[in-house]
Amino acid sequence: MQTVLYPGSFDPVTTGHMDIIRRVAGLFDRVIVGILHNAEKPSGAFSVTERIVLLEDATAGLPNVEIQAFSGLLVDAVESSGAQAVVRGLRSAADVEIELQMARLNRHIGGVETLLLAAQPQVVHVSASMVREVGRYGGDLRGLVPDEILTRVVEGLRPQT
Ligand code: ADP
């Protein structure tokens, strides 16, 4: 069985992440979406538990996709999940720089291969950090996060008064 790990922070999952997840789910038997976090320094707009639930709901229609949380090194997450490779998305030249360095490092320290997928033009401008920024100021998040989770993301990012 061909298993790939798609790691990220997914704080929260966006339509850009979903595009990668859907495309990879069509290519491999099993896709593990891995929320990589630092167990000692919990941070983010959404807790890891909230991110898991949002991802589970957004991927409910994709039976070969599962959600797991990992802390520590990506190469260790690959080993413990039984994945054969890592998948990452590329939006821009800035992503290429970072992703090539990460891919080479993970191959060096753990023999892990990384598959890089080009973002589609419709979602190339979408990032979780922009979703958090737009949501914090009450902007329109339609099309930036999956419809199934839109209301919860809007609520979760709304400033507490
Ligand atoms: P973000 O970069 O949006 O804050 P993550 O750190 O969780 O999100 O990113 C996880 C992976 O998803 C990275 O490989 C990133 O390049 C990729 N990714 C994020 N947004 C998109 C998008 N709009 N299209 C394609 N890939 C994306």
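Hi everyone, a definition to start: I call a residue near a molecule if one of its heavy atoms lies within 4 Å of it. This is a predicted model, where local features need pLDDT of at least 70, side-chain atom pairs count only at pLDDT 80 or more, and totals for chains, interfaces and linings use all residues. Residues are numbered from 1 along each chain as its sequence is written, and side-chain values use heavy atoms, with hydrogens and water left out.

So, the ligand. There are 18 residues around it, and Y6, S9, G89, V123 and A128 come nearest. By class, that shell holds eight nonpolar, six polar and four charged residues; here Ala, Val, Leu, Ile, Met, Phe, Trp, Tyr, Cys and Pro count as nonpolar, Asp, Glu, Lys and Arg as charged, and the others, Gly among them, as polar.

Which elements each supply at least two residues of the shell? They are β1 (3–8), α1 (15–25), β4 (85–90) and α4 (93–110), with helices (H or I, at least four residues) and strands (E, at least two) taken as DSSP runs, numbered from the N terminus.

Now the polar contacts, meaning pairs of N or O atoms within 3.5 Å. A nitrogen atom of the ligand sits 2.9 Å from a polar backbone atom of V126. On the oxygen side, a ligand oxygen is 3.1 Å from a backbone N or O atom of F10, and an oxygen of the ligand is 3.4 Å from a side-chain N or O atom of E99. On its own the ligand has 530 Å² of accessible area, and the protein covers 91% of that (Shrake-Rupley method, 1.4 Å probe).

Let's stay with F10, which is in the loop between β1 and α1. F10 has a positive phi of about 50°, though it is not a glycine. P12 is in that loop too, and a cis peptide bond joins D11 and P12, with omega about 0°. For context, most residues other than glycine have a negative phi, and most peptide bonds are trans.

Last stop, salt bridges: a side-chain nitrogen of Lys or Arg within 4 Å of a carboxyl oxygen of Asp or Glu. The count is eleven. One of them pairs R132 with D11, the closest N and O atoms being 3.8 Å apart. Because R132 lies in helix α5 (residues 128–136) and D11 in the loop between β1 and α1, the pair ties together parts 121 residues apart in sequence. Thanks, everyone!

Definitions and conventions:
Polar contact = N/O pair within 3.5 Å; in protein donor to acceptor, adjacent residues only side chain to side chain.
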